[in-house]
Amino acid sequence: MSQPLYQLVYCSRNRIAGSPNAVAAEVGSLLAVSRRNNALAGVTGALLLHKGWFAQVLEGPREAVEASFAAIRQDTRHGDATLLALEPIAQRSFGDWTMGFVGSSPENARRFAEVGIAAGFDPARLGAKALHAILLDLTLTTDFALAA
Ligand SMILES: Cc1cc2nc3c(=O)[nH]c(=O)nc-3n(C[C@H](O)[C@H](O)[C@H](O)COP(=O)(O)O)c2cc1C
């Protein structure tokens, strides 16, 4: 039987400094490593970077998800990681994504506004359920715009 699936949701503050292009390049390399590692570990999910915040959903076998988060939270490219949820799920929401990404392109700015997170974005207050819904909505319709 396959292992039970878990979903972890956290948010953190971006610590990548520099021009928008430099940030986009760093996020691009972070995503490339993430997708390679996650594919090997059976982890799927999505990452959002908006107004200085990261928010990420990680899903997969519990050990894999927890090991991934333990490594991610050591990463100095972000800080103040706050765990918002770790719970069993019946099925993956991001099964096709070794790591989907939602950045703040002009196109995404409009769509962020549509889902009501244009002003005063605070993922810690939004909570895991709302973040999951936002990531699902935006990841499934985004084209990997990397502008941060
Ligand atoms: C916001 C953020 C999200 C990350 N997400 C992942 C991820 O989903 N999977 C992953 O393997 N690494 C992720 N990383 C990168 C890890 O912190 C770490 O750099 C990487 O796992 C090291 O991989 P390596 O040992 O193969 O070099 C993330 C880093 C940051 C800052």
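Trainee: How should I start reading a sheet?

Mentor: Strands of a sheet pair through backbone hydrogen bonds, in a parallel or an antiparallel way. In this predicted model, look for an open sheet of five strands with mixed pairing, in the order β4-β1-β3-β2-β5.

Trainee: Which strands stand at the edges?

Mentor: Those are β4 (78-89) and β5 (100-102). Each has a single partner strand, so one side of each has no neighbour in the sheet. On average, neighbouring strands here are turned by 15 degrees against each other, direction ignored.

Trainee: In what sense do β2 and β5 pair?

Mentor: Strand β2, residues 44-50, pairs with β5 in the parallel sense, over three bridges. To find the place, look for Ala-46, which stands opposite Gly-100 in β5.

Trainee: Which strands does helix α2 touch?

Mentor: Helix α2 (residues 62-72) packs on the sheet and touches β1 (5-14), β3 (53-61) and β4. The direction of α2 makes about 150 degrees with that of β3.

Trainee: Which residues of α2 are buried?

Mentor: Here, buried means under 20% relative accessible area. The buried residues of α2 are Ala-64, Val-65, Ser-68, Phe-69 and Ile-72. Looking down the axis of α2, you find them within an arc of 130 degrees, so they line one face of the helix.

Trainee: What covers those buried residues of α2?

Mentor: The cover includes β1, β3 and β4, along with helix α1 (20-41).

Trainee: And which residues are exposed on the other side of α2?

Mentor: There you will find Glu-63 and Ala-71 exposed.

Technical notes: Residues are numbered from 1 along each chain as its sequence is written. This is a predicted model: local features need pLDDT of at least 70, side-chain atom pairs count only at pLDDT 80 or more; totals for chains, interfaces and linings use all residues. Side-chain values use heavy atoms; hydrogens and water are left out. Two strands pair if DSSP finds at least two bridges between them. Helices (H or I, at least four residues) and strands (E, at least two) are DSSP runs, numbered from the N terminus. Axes are lines fitted to C-alpha atoms, for helices over the stretch in contact, and angles run from 0 to 180 degrees between N-to-C directions. Contact means heavy atoms within 4.5 Å. Buried means under 20% relative accessible area, exposed over 50%, partly exposed in between (1.4 Å probe, protein chains only). The arc is that of the directions from the helix axis to the C-beta atoms.
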